[in-house]
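Please keep the sequence and the 3D view at hand while reading.

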Amino acid sequence: MNTMTARVVHTTIERPWQDVYDFASQPRNMPLWASGLASGLTQQGDEWLADGGPVGTVRVRFAPENDYGVIDHTVTMESGLLVHNALRVVPNGDGAEVMFTLLRLPGMDDSAFAADAAHVAKDLAALKAIMEG
């Protein structure tokens, strides 16, 4: 497979990076800020299940808790498509930088890729509002 076009969507949060990581890395908190998981997540073994709306039920597997701010997760669509999501929280002075690497999936046109980036930016803004509120 060829490499995919990537776009890093990020936001700065005025809160210690560890606080942001501790909150954002908990799957049960994700419906509060990640709108794609707004229906909530249900744990099933090492995976979490979510209603993916028009794509059906999705399975999400998260990176284990770590000291590096890594919240990577793999989403398995009902169709079997695997989507690897790289999400990081890193120190930025006394605050945090939260970065999501968005990959353009095969067959995705420019407008869909832009819409995905806007969706991620909206979610990161929601996380920022919660953490700074």
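His-73 has Asn-85 as its bridge partner in β6. The two strands β5 and β6 run antiparallel and are joined by four bridges, where strands are said to pair if DSSP finds at least two bridges between them. Helices (H or I, at least four residues) and strands (E, at least two) are DSSP runs, numbered from the N terminus. Five residues lie between the strands in the hairpin of β5 and β6, and in this hairpin Gly-80 takes a positive phi near 100°.

From β6 the pairing continues to β7, again in the antiparallel sense, through seven bridges. Ala-86 has Thr-101 as its bridge partner in β7, and Leu-87 has Phe-100. The hairpin of β6 and β7 has two residues between the strands, and here Gly-93 takes a positive phi near 65°.

## Basis of the model

This is a predicted model, in which local features need pLDDT of at least 70 and side-chain atom pairs count only at pLDDT 80 or more, while totals for chains, interfaces and linings use all residues. Residues are numbered from 1 along each chain as its sequence is written, and side-chain values use heavy atoms, with hydrogens and water left out.

The predictor's confidence in each residue, pLDDT, runs from 0 to 100; its mean over the protein chain is 92, and 97% of the residues reach 70 or more. Confidence in the protein chain is highest in α1, at a mean of 98, and lowest in β3, at 88.

## The sheet as a whole

The strands described above belong to an open sheet of seven strands, in the order β1-β7-β6-β5-β4-β3-β2, with antiparallel pairing. Because β1 and β2 (42-44) stand at the edges with a single partner strand each, one side of each is left without a neighbour in the sheet. From one strand to the next, the twist averages 25°.

Val-60 of β4 stands opposite Trp-48, and its bridge partner in β5 is Val-75.

Buried here means under 20% relative accessible area, with exposed meaning over 50% and partly exposed in between (1.4 Å probe, protein chains only).

The buried residues of α1 are Trp-17, Val-20, Tyr-21, Phe-23 and Ala-24. Seen down the helix axis they fall within an arc of 170°, so they line one face of α1; this arc is that of the directions from the helix axis to the C-beta atoms. Among the elements that cover these residues are β1, β6, β7 and α2.

The helix α2 lies across β1 and β7 and runs at about 15° to β1. In strand β1 is Thr-11, which counts as buried because its relative accessibility is 14%. Not counting residues up to four places away in sequence, Thr-11 touches Ala-96, Glu-97, Val-98, Leu-124 and Lys-128, where contact means heavy atoms within 4.5 Å.

## The nonpolar core

A nonpolar core is a set of buried Ala, Val, Leu, Ile, Met, Phe, Trp, Tyr and Cys residues joined through side-chain atoms within 4.5 Å. The largest one has 33 residues, and those with the most contacts inside it are Val-20, Met-30, Trp-33, Leu-41, Val-89, Val-98 and Leu-127. Elements that each supply at least two residues of this core include α1 (17-24), β4 (57-62) and α2 (110-132), and α2 gives the most, with six residues.

Met-30 touches Ala-24, Leu-37, Leu-41, Phe-62 and Ile-71, not counting residues up to four places away in sequence.

Methods
Axes fitted to C-alpha atoms, helices over the stretch in contact; angles between N-to-C directions.
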